[in-house]
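Thanks for coming. I have one model to go through today, and I will take it piece by piece.

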Amino acid sequence: MQSIPEDLVNLLRGFPTVNVLEQAFPFLSTDPNGFPHSALLSRSELEPSTDSRELMAVVASSRTKANLRRTRTAGLIAVDAKVCHHVKLEVVGSVPEDDVLGCVLALTEHTRDDIGISLKPIMFRTSSSLAMEENWSRSRAMFDRLRELRVK
């Protein structure tokens, strides 16, 4: 199992705060007809494991959850200055809970795309209403459950 590169871990680690600009990360899955499907996830829904060997995700989109259950694969795109990280992931553990699916994902392939030009990620401003709407406390609790799942 590959470790997540340190510069990508630095982009993903930590929970967002209110009233700051944050990156939205395209999270890709494949629909039943073989076409890509994307969902935008934030750091409130993504967290590298403590040892940076796995990525945890909390997914609310019903289509993305169905795709992950069916194919057990996903992709992630993250932008950092002049680098675009393309990541292929495999679901190695999951916990369904109410309307979300918590996943533990192993990195199967990572490509660092850098042609020396400045890139701009998809950005959004956090807010207290967004934190409530996306139920950030549920995500934190799910990250704790997923950590326990991997310890057992």
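P121 counts as partly exposed, because its relative accessibility is 25%. This is a predicted model, so please take every value I quote as computed from it. P121 sits in the loop between β8, residues 100-113, and β9, residues 123-125. What does P121 touch, once its neighbours within four places in sequence are left aside? It is in contact with Q23 and V79.

Some of the pairings in detail. Strands β2 and β3 run antiparallel and are joined by six bridges. Within that pair, P26 is opposite L40 of β3. The hairpin of β2 and β3 has five residues between the strands, and in it G34 has a positive phi near 90°.

On to β2 and β6, which are also antiparallel, with two bridges joining them. Here F27 has L76 of β6 as its bridge partner. How many bridges join β6 to β7? Eight, and this pair too runs antiparallel.

Next, the helix on the sheet. Helix α2 covers residues 62-71, and T64, K65, N67 and L68 in it are buried. Looking down the axis of α2, the buried residues fall within an arc of 165°, so they line one face of the helix. As a reminder, an α-helix has 3.6 residues a turn, so residues three or four places apart point the same way. On the other side of α2, S62 and R63 are exposed.

What do the buried residues of α2 pack against? The list is β2 (25-30), β3 (36-41), β5 (54-59), β6 (73-80), β7 (83-97) and β8. After α2 comes R72, which has a positive phi, near 60°.

That brings up backbone angles. Most residues other than glycine have a negative phi. N19 has a positive one, near 65°, and is not a glycine. N19 lies in the loop between α1 and β1. Is N19 buried or exposed? It counts as exposed, because its relative accessibility is 52%. D98 is another residue other than glycine with a positive phi, near 45°. D98 is in the loop between β7 and β8, and at 78% relative accessibility D98 counts as exposed.

Last topic, the aromatic rings. A pair of rings is described by the distance of the centres and the angle of the planes. The structure holds two aromatic pairs. In one of them, F15 and W136 are edge-to-face, 5.7 Å centre to centre, with 85° between the planes. Why does this pair tie together parts 121 residues apart in sequence? Because F15 lies in the loop between α1 (6-12) and β1 (21-23), while W136 lies in helix α4, residues 136-151. Both F15 and W136 are buried.

The other pair is F15 and F143, again edge-to-face, at 6.5 Å centre to centre and 80° between the planes. F143 is in helix α4 and F15 in the loop between α1 and β1, so this pair ties together parts that are 128 residues apart in sequence. As for accessibility, F15 counts as buried because its value is 17%, under the cut-off of 20%. F143 is buried as well, with a relative accessible area of 3%.

Put together, the ring pairs link F15, W136 and F143 into a cluster. There is also a charge at F15: the charged end of R140 sits over its ring, 3.9 Å from the centre. That is where I will stop, and I can take questions.

Conventions: Residues are numbered from 1 along each chain as its sequence is written. This is a predicted model: local features need pLDDT of at least 70, side-chain atom pairs count only at pLDDT 80 or more; totals for chains, interfaces and linings use all residues. Side-chain values use heavy atoms; hydrogens and water are left out. Rings of Phe, Tyr and Trp (its six-membered ring) pair if their centres lie within 6.5 Å; planes under 30 degrees apart count as stacked, over 60 as edge-to-face and the rest as tilted. Helices (H or I, at least four residues) and strands (E, at least two) are DSSP runs, numbered from the N terminus. Buried means under 20% relative accessible area, exposed over 50%, partly exposed in between (1.4 Å probe, protein chains only). A charge sits over a ring if NZ of Lys or CZ of Arg is within 6 Å of the ring centre and within 35 degrees of the ring normal. Contact means heavy atoms within 4.5 Å. The arc is that of the directions from the helix axis to the C-beta atoms. Two strands pair if DSSP finds at least two bridges between them.
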